[in-house]
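Please find below some notes for a colleague who is meeting this structure for the first time.

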Amino acid sequence: MAASLTSQGLADSLVAFQNQCLAEAGGDPSPTKPSHRVPFHWPPHPVSSDFHVLGSDWTGSARLIAYGEEFEVQTARTPAGVFARLVGVWNESRGTTEEEAVQGLLEGAEPYFRRQFEIAKTLGIPGRYRESVRSLDALGLLKLLYCSDRDVAHEASVEIEKQASTGLFGPALVTILRDQYHPNRRSAQWCVLDLFEDLPSLISSEEGRAEAVRAVRDLMANATDDYARTVYKAGVVLGGHVCTPEAADALIDCVSSPSRYGRRAAIHAVFHLVEWMPETRERVLAALELAATEDDEPLLRSFAASQHADIESGAHDHMTEPVFPDEP
């Protein structure tokens, strides 16, 4: 369906998805703090290879019923024990009995099934998602950026990057940056910012790229948290990757933004902005000098003063950004 949409139509469809998810969350617009990404590797190492089980040894069969489905199981009885493998899922187990080996299959396949159920839940479809992520349409890929499993979101972002030349995703990705309602928006926004490190590949028009920069700026300026290090990433994108006059203006403005997280990210990122755009040096120094004396946060005053000194001296390294004592 989404393949026939225009880029704006895709963005509008994504807004409908965001609103639906907000309603399902009971109307609470608070973002959730996501866990770290855990890369998913499948299939696991086949235990039968450690015991030199031959192809001709797989002569038995068994039944495994789980999640309302019946799965085909192949078994091999050897002097080293009973081996079982789940056909189509590519995992194996070893036990002293067939029952033990089959039960081990279910335990070993749990990460595989959990991932499929998480994808299906995010897409709003029943059961488990059995296809490849790369087979999804554009809207499906965008939805998966919001998946609670951050590795699924990462896989979706890789597929979006592969399709960047279609020009279809730009407005929808900006819509994600402006999202203030979906519980999983921080990890989705991190994925968008990661994609925006190569902004011209996703958005070809100057007007569209300028809107993207404004969305990054607004995210930084109004952030109430830095879950998933999203705000930090926003600063890195503006100061270390986009590096246009519009990005420089946005980043320097954020040194005095309402959000302490946005200010922290900007104070960090302007160091790199000066590296890439030396012509911004005096403006950056002036903004940091002001922050070093007037920022409401003592930690940020010290951070700004340190950054100012490092830029002024031409240092190659800079102070690590501080962590607020009450930071969630």
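1. Ser187 has its place in helix H6, residues 185-195, where helices (H or I, at least four residues) and strands (E, at least two) are DSSP runs numbered from the N terminus. The model is a predicted one, in which local features need pLDDT of at least 70 and side-chain atom pairs count only at pLDDT 80 or more, while totals for chains, interfaces and linings use all residues. Residues are numbered from 1 along each chain as its sequence is written, and side-chain values use heavy atoms, with hydrogens and water left out.

2. Ser187 is buried, with a relative accessible area of 4%; buried means under 20% relative accessible area, exposed over 50%, and partly exposed in between, with a 1.4 Å probe and protein chains only. Leaving aside neighbours within four places in sequence, Ser187 is in contact with Pro34, Leu145, Cys147, Arg150 and Ala228, contact meaning heavy atoms within 4.5 Å. A polar atom of the Ser187 side chain lies 3.2 Å from the backbone oxygen of Asn184. From C-alpha to C-alpha, Ser187 and Ser35 are 9.2 Å apart in space, although 152 residues separate them in sequence.

3. The strands can be followed in order, two strands being paired if DSSP finds at least two bridges between them. Strand S1 (residues 60-66) runs antiparallel to strand S2 (residues 69-78), to which seven bridges join it, and Ala62 stands opposite Val73 in S2. These strands, S1 and S2, form a hairpin with two residues between them, and Tyr67 in the turn has a positive phi of about 55°.

4. S2 goes on to pair with S3 in the antiparallel sense over six bridges, again as a hairpin with two residues between the strands, and here Gln74 stands opposite Arg85 in S3. S3 (residues 81-86) is in turn joined to S4 by five bridges, and these two strands run antiparallel. Phe83 stands opposite Arg94 in S4, and in the S3 and S4 hairpin, which has four residues between the strands, Gly88 takes a positive phi near 85°.

5. Which residues make up the covered face of S4, and which the uncovered one? In this strand, residues 91-95, the covered face holds Asn91, Ser93 and Gly95, whereas Glu92 and Arg94 belong to the uncovered face. Ser93 is buried, with a relative accessible area of 9%, and its side chain reaches the backbone oxygen of Ala101 at 3.1 Å. Beyond its neighbours within four places in sequence, the residues in contact with Ser93 include Val47, Val82, Leu105 and Gly104.

6. The largest pocket holds about 400 Å³ of space. Its lining has 18 residues, of which Tyr112, Gln116, Tyr129, Arg130 and Glu131 are the closest to the centre. Helix H2 (residues 98-123) gives the largest share of this lining, four residues. A pocket, on a 1 Å grid over the protein atoms alone, is an open set of points where a 1.4 Å probe fits, with protein on both sides within 12 Å along at least five of seven lines, and lining residues have an atom within 4 Å of a point; grid points are joined across faces, edges and corners, and a volume is the space filled by probe spheres set on the points.

7. About 310 Å³ of space lies in the second largest pocket. Among the 17 residues that line the second largest pocket, Cys21, Glu24, Lys121, Thr122 and His182 are the closest to its centre.

Technical notes
Polar contact = N/O pair within 3.5 Å; in protein donor to acceptor, adjacent residues only side chain to side chain.
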